[in-house]
Amino acid sequence: MSITTARWSAPGLLAAALLLAGWGFVRRSPAAPTAAALPTLASTQNELGAQIARIDDEALKASFAELGLPAPPVCSGLETTVVELVLQCARDWSERRDGDALGRIGCVQLGLDQKTEALAWFAAAERFGAQRERWVYLLGATCQSLSLDGPARTALESARALDARHAVTHARLGELNLEAQRIPEALASFELALKLAPDLSIAAVGRARAQLAKGDVQAAFAAAQAAVRMQPRDFAARRVLADVLARLGRAAEAQREARTADELPSYQGWGTFDTRLREALDESRSLEHLPVEVSSALAVQDWAHARRLTERIVARRPRDTSALRLLAGLCATQGEHAQARTLIDRALAVAPDDTELLITSAELAIAVVDGERALNESARVLARAPQSTDARALRARALFAARRTEEALLELRRLLLEVPEDQALHELMLDMLRRSQRAAEARELLERALTHKSLEAWARAELEGRGTPSGAKR
C-alpha cells in the first residue's frame, strides 16, 4: 500500500512516517534509560570565523544505534553549536527518556533542510514526548512541504484535534483540501483560520481561490477584494483578484492587478506565516534558513527584522564579509552611521580589496560627508572598473561630497553624453544642481530631457513639481 495514497490512522501515520525515514521504530522503552558513550566533540575555526565541529561520525552513529535511535545527521563540518545540541538531545534521551529531545533533533534536521530525515524524529517525539501537538503538527507541515499530502492531512488533523487554536493549522488543511478538490472542507478550514487570525492573508487568499474553484465567481470576487483590503501589498491577494476579474470579463482591471502583483515581493512559502515553523528552525541553531528570511525581510523593507537576523549571522560568523556589509548597510539605513563604519572597517580588515566592500565604504563616507574617505574609496573602485558607469557616478558623488562641485558636474555631463537616456544619471545631476542652488541649469537639464521619449514623463513631473526627492544614488 502506497504511503502517498493510503488513509492512515494516527498509529498508521506514525509507522508511515518512520518508514519514510528508513527506520522502523525508536526501539527502547521510555521507561528503561540506557547509557551510551558519545564521541568527543572538538572544533576548529573556518575562514568565516565560525567554530566548526570535528567528531567521529561513525562512532556517533553507533552511539545512536545503541540508544535505539535513527542515525543522527552527519555532524562533522557543521557549526559546533548545532552539534552540541544534537549531543545534548542524545543525553536527554539516554539519561531520562525525554521524548521531546527527539523532536529537537527533528528541528536540527529541518534546519539543515533534511526534511525526510526529520520525519522519523517528529513521529517518535509525538509518540514519546510531552509536546504531542507540536510534534505531530511539525510532522504534518514537513510532509506537506514534501508533497506527501495524505500523511500531511492526517497529521494536521491530529494536531487540530489536540489543539484547535492555531490558525495556520486550519490554513494548511484548507490548502491541502483545496488541492484535493475537497472544496467544502477547504472553505470551512479557511473560515476557521480567519476567525482565529483575521489578518492571515494566506487564508483570505485561500478562501477566494476556493470560492473560485467552487464556481461562485461573485463570492470569489468579494473574498478577493477582502483579501486585498486586508493586505494591499500581498502579491497573492492581487493575483487571485486578477484571476477573478478575468473570469468576470474585466480584462483591463485584471491586467492592472496582475501587473501590481508582479511588482510586489513574493513570500517564501509557509515560513512567511508559520511562527511554529520558524521557531523550529530557530531551535535547530542552524543558520542555513536565515538568508531566505533576510531576503524576505528586505523585500518588504522590514529593516529592523533583517538587521536582527543578520546580527545573528555575524555573531556566529564574525569574518563573513557579505554579512558584515549587509549589516553595515542596515545600520546606515537606520541612521547609525558610526556603527555602520565600524562594521565595514571590520570587513575591509578581512578583505581590503573587495570591490563591494569599497563601494559600501564610499557610500557611507558620502552619507556622512566624509569627502576625503569618499574620494579614496571611489578612486579604488574606479581603478578596478574604469569604464563602469556606476563607478564613475560614484566618483562624481564623492567629488560632490568633497565640495568639488564643478568636477562632479563635469563628470556627470561626460556620462550623460555617453548615455543620454539614463534616468538615474539625470536624477543625480538634478539633485546636485538643486542642492547647489543652480535653478536655471536644473531647468535646462529637464527641458533637454523632454526631448527623450524615455525621460519625458519623469522630466514633466519634475517641471510641474510632482517629482519626489531622489537623494539620487547610483
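Which side chain makes a polar contact with the side chain of E126? The partner is the side chain of R132, at 2.9 Å. For a polar contact I need a pair of N or O atoms within 3.5 Å; within protein, one must be able to donate a hydrogen and the other to accept it, and residues adjacent in sequence count only if both atoms are side-chain atoms.

I am looking at a predicted model, where local features need pLDDT of at least 70 and side-chain atom pairs count only at pLDDT 80 or more, while totals for chains, interfaces and linings use all residues. Residues are numbered from 1 along each chain as its sequence is written, and side-chain values use heavy atoms, with hydrogens and water left out.

**E126, continued**

I placed E126 in helix α5, residues 115-128. Helices here are DSSP runs (H or I, at least four residues), strands likewise (E, at least two), numbered from the N terminus. E126 has a relative accessible area of 15%, so I wrote it down as buried. The scale is: buried under 20% relative accessible area, exposed over 50%, partly exposed in between, with a 1.4 Å probe and protein chains only. Leaving out residues up to four places away in sequence, I found E126 touching R132, W135 and V136. Contact means heavy atoms within 4.5 Å.

**G174**

Next I checked G174, which sits in helix α8. Is G174 buried or exposed? It is buried, with a relative accessible area of 0%.

**Two loop residues with positive phi**

Q181 is not a glycine, but I read a positive phi of about 60° there. It belongs to the loop between α8 (167-179) and α9 (183-196). Its relative accessibility is 56%, so I count Q181 as exposed.

R285 is not a glycine either, and its phi is positive at about 65°. I found R285 in the loop between α14 (275-283) and α15 (290-299). With a relative accessible area of 33%, R285 is partly exposed.

**Helix pairs**

Two packed helices are described by the angle between their axes and the distance between the axes. Axes are lines fitted to C-alpha atoms, for helices over the stretch in contact, and angles run from 0 to 180 degrees between N-to-C directions.

I took α12 (residues 235-247) and α13 (residues 251-263) to start: their axes come within 8 Å and cross at roughly 165°. α12 and α13 are therefore roughly antiparallel. The angle classes are under 35 degrees for roughly parallel, over 145 for roughly antiparallel, 65 to 115 for roughly perpendicular, and oblique for the rest. From α12 the contact residues include F235, L241 and L245, and from α13 they include A254, A258 and A261. By class I have eight nonpolar, one polar and five charged residues in this contact. (Ala, Val, Leu, Ile, Met, Phe, Trp, Tyr, Cys and Pro count as nonpolar, Asp, Glu, Lys and Arg as charged, and the others, Gly among them, as polar.)

Then I turned to α17 (residues 321-333) and α18 (residues 337-350), whose axes come within 8 Å and cross at roughly 165°. α17 and α18 are therefore roughly antiparallel to each other. The contact of α17 with α18 divides into 10 nonpolar, three polar and two charged residues.
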